Number of protein chains: 2
Amino acid sequence: MTTPWRLTLDASLLAHRDDPMCRYVQLATLGLDGRPANRTVVFRGFRPDSDDLIVTVDARSQKMAEIARSPFFEICWYFGRTREQYRLGGTARSINDSDRFLAGLRTDVWRSLADAVRIQFDWPSPGTDWQNHDAHVSAEIPDSSTPLTSFRLLLLTVERADYLNLLADPPLRQQLEIGQDGWTCRRVNP
Amino acid sequence: MTTPWRLTLDASLLAHRDDPMCRYVQLATLGLDGRPANRTVVFRGFRPDSDDLIVTVDARSQKMAEIARSPFFEICWYFGRTREQYRLGGTARSINDSDRFLAGLRTDVWRSLADAVRIQFDWPSPGTDWQNHDAHVSAEIPDSSTPLTSFRLLLLTVERADYLNLLADPPLRQQLEIGQDGWTCRRVNP
């Protein structure tokens, strides 16, 4: 059975296909101090034959440490033109070379990136004290076919979704959840 | 002393003043199940003579219950035109009539809202089972001068900020924190 929120999300993406910012989503995780953490990440598509969302991440970044300690996330995805919001919650896991099955996917995503994005994985460790200008600008362009060690994928498995459509009158709000018998959908007050 | 992130944020808001969506921010909290929660809210300005952010909230909403149990939040605020991101973390508290000092502020914000927003506070309890269409569309327009009981303000006190400017080359990233002697600012690798 097709995942119900995926059908709607594909339509939202189609309606915004000329807007690169429609792939910017806000990823909330649990900070190492127990407080919520929240930042913008770029949606890089779905894992083939799956509804897992793909996001690229630097192995040295704070969010990697957070996910390693607590895998729970909630993505907030707002589409301005259609006034739709998706809250997608679930568990995340990171992919590196040691996962043979997914190593090919990691390489595919690496190849699909722009040089300007790939080069960032060769920069000094993110979030640590500023090193110097040269370390950031004169790094060599990395090989486009072989991912750098710091390059990881986050696979985000969605276990529940809260969908809001503000163009509907009254607004439509649905809460979806995956269980043993598949997805259930409940309409709730907006 | 002026709050350093506030100066930059005011400039970002000015650069986007013709874009209503620039006031949509993503508010992450700690869900009642311990997982992160994340949704879009509208920034309603700053508390006068303060850097506290104001957000309106329904007293019956899930985020109110979350804030009551754990006041920590992180807002993610992305500005598309200037490619800036603010991550603003701190503690939230809600305001109702019983707080005399702030009741006036609550009324002022209520008055500034559109009817279409005010009426939502007269709708059935958000996030509970869908009641019916009429309960949502034929609610009477509430009095514009007296806030409904369900109407609350959230005051978000920022204790730390992570600022990213992606138009700078290399990107500029600064981490700011409030301490006993005021704000400190550290430049970090992007």
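Predicted model: local features only at pLDDT ≥ 70, side-chain atom pairs only at ≥ 80, totals over all residues.
Figure 1. The contact is made by 40 residues from chain B and 40 residues from chain A. On the side of chain B that touches chain A, at least two residues each come from β1 (24-30), β2 (36-42), β4 (72-79), β5 (84-95), α5 (133-137) and β8 (182-188) of chain B. The largest share, six residues, is supplied by β4(B). By type, this side of chain B has 19 nonpolar, 14 polar and seven charged residues.

**Figure 2. Superposition of chain B on chain A.**

**Figure 3. The largest nonpolar core and the surroundings of B:Leu154.** The largest nonpolar core holds 58 residues, and those touching the most other members are A:Ile75, A:Leu154, A:Leu156, B:Ile75, B:Leu154 and B:Leu156. Not counting residues up to four places away in sequence, B:Leu154 touches B:Val55, B:Val57, B:Ile67, B:Ala92 and B:Ser94.

**Figure 4. A:Ser125 in the loop between α4 (115-118) and α5 (133-137) of chain A.** A:Ser125 has 14 other C-beta atoms within 10 Å and is therefore partly exposed. Apart from neighbours within four places in sequence, A:Ser125 is in contact with A:Arg60 and B:Asn189. A:Ser12 lies 113 residues from A:Ser125 along the chain, and 35 Å separates their C-alpha atoms.

Methods: Residues numbered from 1 in each chain as written. Chains lettered and ligands numbered in written order. Least-squares fit on C-alpha atoms with pLDDT ≥ 70 in both. Contact = placed C-beta atoms within 7 Å. Helix = DSSP H or I, 4+ residues; strand = E, 2+ residues; numbered from the N terminus. Nonpolar A, V, L, I, M, F, W, Y, C, P; charged D, E, K, R; others polar. Core = buried A, V, L, I, M, F, W, Y, C linked by C-beta atoms within 7 Å. Buried ≥ 20, exposed ≤ 12 C-beta atoms within 10 Å, placed from the backbone.
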